[in-house]
Amino acid sequence: MNNITIRLAIPADAPDMAEVHMRSWEVAYNGFIPADYIREKNAGRPALWQRIITEENTTQYVIQSDNKTVGIMCVALPQDDDVGEELYELHGLYLHPDYFRQGIGTVAMEFALNIARNLNKTQMTVWVFSDNTNSINFYKKCGFIADGSTKILQCGKPLTTIRMRRKI
């Protein structure tokens with residue numbers, strides 16, 4: 001595997017982050033999120049990432065292979081009301097499709113778990129589309145199991161997401 005580094009994103013990373021996010025959605029969600037919806041969301045990604053990544057960023061990370069941004073992830077407090085202080089959440093982990101299945105996601109997951117450990121958290125959660133079997137299998141491989149919580153997101157059509165969690 002190439003030299004993988006993960007660091008907090010800075011404003012100059014925003015264009016690369018948008019590119020990874022767009023390409024990842026096009027491949028990972030193909031077949032269950034309508035293509036028109038993906039195109040619509042992707043059209044706004046460059047402006048979105050320019051707005052999100054500020055000098056004060058503390059939760060958005062770039063994943064780089066030999067200094068090229070190949071992935072992005074967000075690790076932060078959970079947004080759910082039904083969880084306790086012991087939890088941290090992986091809000092998103094996206095890799096450019098050219099870098100799928102090379103072990104980079106596993107490296108990123110360990111990095112995310114270490115962030116939570118350093119904050120004295122004992123569990124990590126992640127929400128994933130129930131139709132996204134590749135991601136579900138990845139999270140299972142990383143020790144996550146579905147905890148029974150679901151929610152419906154409108155992504156051009158109603159889609160079920162499941163919450164997965166693991167002890168850390």
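Which strand gives the largest share of the lining of the largest pocket? Hello everyone, let's start there. The answer is strand β4, residues 87-95, which supplies seven of the lining residues. Before going on, please keep in mind that this is a predicted model.

So, the pocket. The largest pocket has a volume of about 1400 Å³. Its lining is made of 47 residues, and the closest to the centre are Y29, G92, L93, Y94 and Y139. If you sort that lining by class, you get 25 nonpolar residues, 16 polar ones and six charged ones.

Next, let's look at a pair of helices. Helix α1 covers residues 14-28 and helix α2 covers residues 35-43; their axes come within 10 Å and cross at roughly 175°. Because angles over 145 degrees count as roughly antiparallel, α1 is roughly antiparallel to α2. Who meets whom here? On the α1 side you'll find H21, M22, W25 and E26, and on the α2 side Y37, I38, K41 and N42. The residues of this contact divide into four nonpolar, two polar and two charged.

The C-alpha atom of E26 is separated by 28 Å from that of G148, and the two residues are 122 apart along the chain. G148 itself is found in strand β6, residues 145-154. Is G148 buried or exposed? With a relative accessibility of 66%, G148 counts as exposed.

Now let's go back to β4 and step into the loop that runs from there to α4, which is residues 104-118. H96 lies in this loop, and because its relative accessibility is 16%, H96 counts as buried. What is H96 in contact with, leaving aside neighbours within four places in sequence? The partners are V20, R23 and V70.

R101 has its place in the loop between β4 and α4 too, but here the relative accessible area is 67%, so R101 is exposed. There is also something to look for in the backbone: R101 is not a glycine, yet it has a positive phi of about 55°.

Let's move on past α4, to the loop between α4 and β5, where β5 is residues 123-129.

A relative accessible area of 43% makes L119 partly exposed. Between the C-alpha atoms of L119 and Y88 there are 8.8 Å, although these residues are 31 apart along the chain.

Then comes N120, in the loop between α4 and β5. N120 has a positive phi of about 60° and is not a glycine. Its relative accessibility is 67%, so N120 counts as exposed.

And then K121, again found in the loop between α4 and β5. Why does K121 count as buried? Because its relative accessibility is 13%, and buried means under 20%. Apart from its neighbours within four places in sequence, K121 is in contact with L77, E85, E86, L87, Y88, A116 and I168.

To wrap up, remember two places when you turn the model around: the largest pocket, with strand β4 giving the largest share of its lining, and the helices α1 and α2, roughly antiparallel to each other.

Definitions and conventions
Residues numbered from 1 in each chain as written. Predicted model: local features only at pLDDT ≥ 70, side-chain atom pairs only at ≥ 80, totals over all residues. Heavy atoms only, no water. 1 Å grid on protein atoms, 1.4 Å probe; cavity = no way out; pocket = protein on both sides within 12 Å on 5 of 7 lines; lining within 4 Å. Points joined across faces, edges and corners; volume = space filled by probe spheres on them. Helix = DSSP H or I, 4+ residues; strand = E, 2+ residues; numbered from the N terminus. Nonpolar A, V, L, I, M, F, W, Y, C, P; charged D, E, K, R; others polar. Axes fitted to C-alpha atoms, helices over the stretch in contact; angles between N-to-C directions. Parallel < 35°, antiparallel > 145°, perpendicular 65-115°, else oblique. Contact = heavy atoms within 4.5 Å. Buried < 20%, exposed > 50% of the residue type's maximum accessible area, 1.4 Å probe, protein only.
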